[in-house]
Amino acid sequence: MILETAQIETERLILRPHVMEDLEPLYHLTAHPDVYRFDPGYRRSYEQTRDILIFRIGEYRRHGMGRMAVVERATGELVGYAGLQLCLYEMPGMNVPAVEFFYGLRRDRWGCGYITEAGHALIDHGFRVLRLPRIISTADKRNTPSINVMRRVGMTISDHALDPDTWVCGVIENPYLRGSTDFSG
Ligand SMILES: CC(C)(COP(=O)(O)OP(=O)(O)OC[C@H]1O[C@@H](n2cnc3c(N)ncnc32)[C@H](O)[C@@H]1OP(=O)(O)O)[C@@H](O)C(=O)NCCC(=O)NCCS
């Protein structure tokens with residue numbers, strides 16, 4: 001069973017699934033050196049941005065969750081991306097399936113609290129509607145704005161299990177869950 005999320009609305013933002021028309025604004029948004037500095041660490045070409053967008057659209061359709069466009073209500077412009085993505089959290093000796101809160105914002109919108117606002121809404125959705133047991137984020141230790149976002153949405157930050165010198169991991173547990181994770185029911 002997949003719980004489809006049409007869109008999530010907050011005071012200043014609309015989060016909606018990506019569409020191909022997002023390509024142009026996404027390409028320009030992610031071309032800023034401050035935005036690509038830690039992820040992916042280089043400037044993506046138009047074709048690479050298109051391929052990722054196609055992948056993210058498909059991922060969202062398959063899972064009923066994934067990366068979404070962050071649209072500013074005041075202007076109707078796409079000013080960022082944020083979402084809950086399936087990932088493998090790498091640990092020494094094993095990889096653990098996890099759901100990651102992931103985000104990026106157009107450079108001229110940094111400092112307004114937009115991603116914190118989006119993050120609160122996404123985590124609330126992840127816990128109440130998707131009933132996820134926990135949500136994580138990872139960041140380069142030098143990526144202070146990203147680590148600050150993790151803190152503001154309520155995550156506990158610690159060194160990353162695989163590469164504690166380079167990365168941190170943020171974790172927030174679902175406070176509403178009552179059930180067991182025993183799959184046998
Ligand atoms: C990570 C990233 C989205 C953070 O952007 P940001 O603007 O700092 O984060 P927010 O949108 O949550 O805004 C928080 C800032 O707005 C300020 N702010 C203003 N109004 C606010 C409000 N109503 N609510 C919360 N914060 C507010 C906060 O004080 C904070 O500024 P400060 O860090 O100078 O104190 C941005 O740096 C980015 O896009 N980086 C590139 C992509 C990236 O690295 N992504 C993470 C991969 S791990």
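This note comments on a predicted model, point by point.

1. Basis of the note. The model is predicted, and local features are considered at pLDDT of at least 70, side-chain atom pairs at pLDDT 80 or more, while totals for chains, interfaces and linings use all residues. Residue numbers run from 1 along each chain as its sequence is written.

2. Overall fold. The protein contains five helices and eight strands, where helices (H or I, at least four residues) and strands (E, at least two) are DSSP runs numbered from the N terminus. Their order along the sequence is β-β-α-α-α-β-β-β-α-β-α-β-β.

3. Dimensions. The C-alpha trace spans about 45 × 40 × 30 Å along its principal axes. The radius of gyration of the protein is 16 Å, which agrees with the value near 16 Å for a compact globule of 185 residues; this radius is taken over C-alpha atoms, and the globule rule is 2.2 Å times the number of residues to the power 0.38.

4. Buried residues account for 28% of the 185 residues. A residue is buried if 20 or more other C-beta atoms, placed from the backbone, lie within 10 Å of its own, exposed if 12 or fewer, and partly exposed in between. Of the contacts with a separation of 6 or more, 59% join residues 24 or more positions apart; a contact requires C-beta atoms, placed from the backbone, within 7 Å.

5. Nonpolar core. The largest nonpolar core has 33 residues, of which V70, A82, Y103 and A118 touch the most other members. Such a core is a set of buried Ala, Val, Leu, Ile, Met, Phe, Trp, Tyr and Cys residues joined through C-beta atoms within 7 Å. Leaving aside residues up to four places away in sequence, the contacts of A82 include L15, M68, V70, F102 and Y103, and also I115, A118, G119 and L122.

6. Helix α4. The 15 residues of α4 (residues 114-128) should span 21 Å at 1.5 Å a residue, which agrees with the 21 Å between its end C-alpha atoms; the expected span is 1.5 Å times one less than the number of residues. Its buried residues are Y114, I115, A118, G119, L122 and G126. They cover an arc of only 120° around the axis, which puts them on the same side of α4; the arc is that of the directions from the helix axis to the C-beta atoms.

7. Helix α3. The buried residues of α3 are T49, L53 and R56. These fall within an arc of 65° seen down the axis, so they line one face of the helix. Their cover includes α1 (23-29) and β3 (67-72). The face turned away from the buried side carries the exposed residues E47, D51, G58, R61 and R62.

8. Among the 19 residues around the ligand, W110, G113, I115, T116 and P145 come nearest; a residue counts as near if its C-beta atom, placed from the backbone, lies within 6 Å. Two or more residues of this shell come from each of β5 (94-105), α4 and α5 (144-152). The element giving the most is α5, with four residues.

9. Backbone geometry to inspect. Most residues other than glycine have a negative phi, and most peptide bonds are trans. R131 has a positive phi of about 55° although it is not a glycine, and R131 is found in the loop between α4 and β6 (134-140). The peptide bond from D39 to P40 is cis, with omega near 10°; P40 lies in the loop between α2 (33-36) and α3.

Technical notes:
Contact = placed C-beta atoms within 7 Å.
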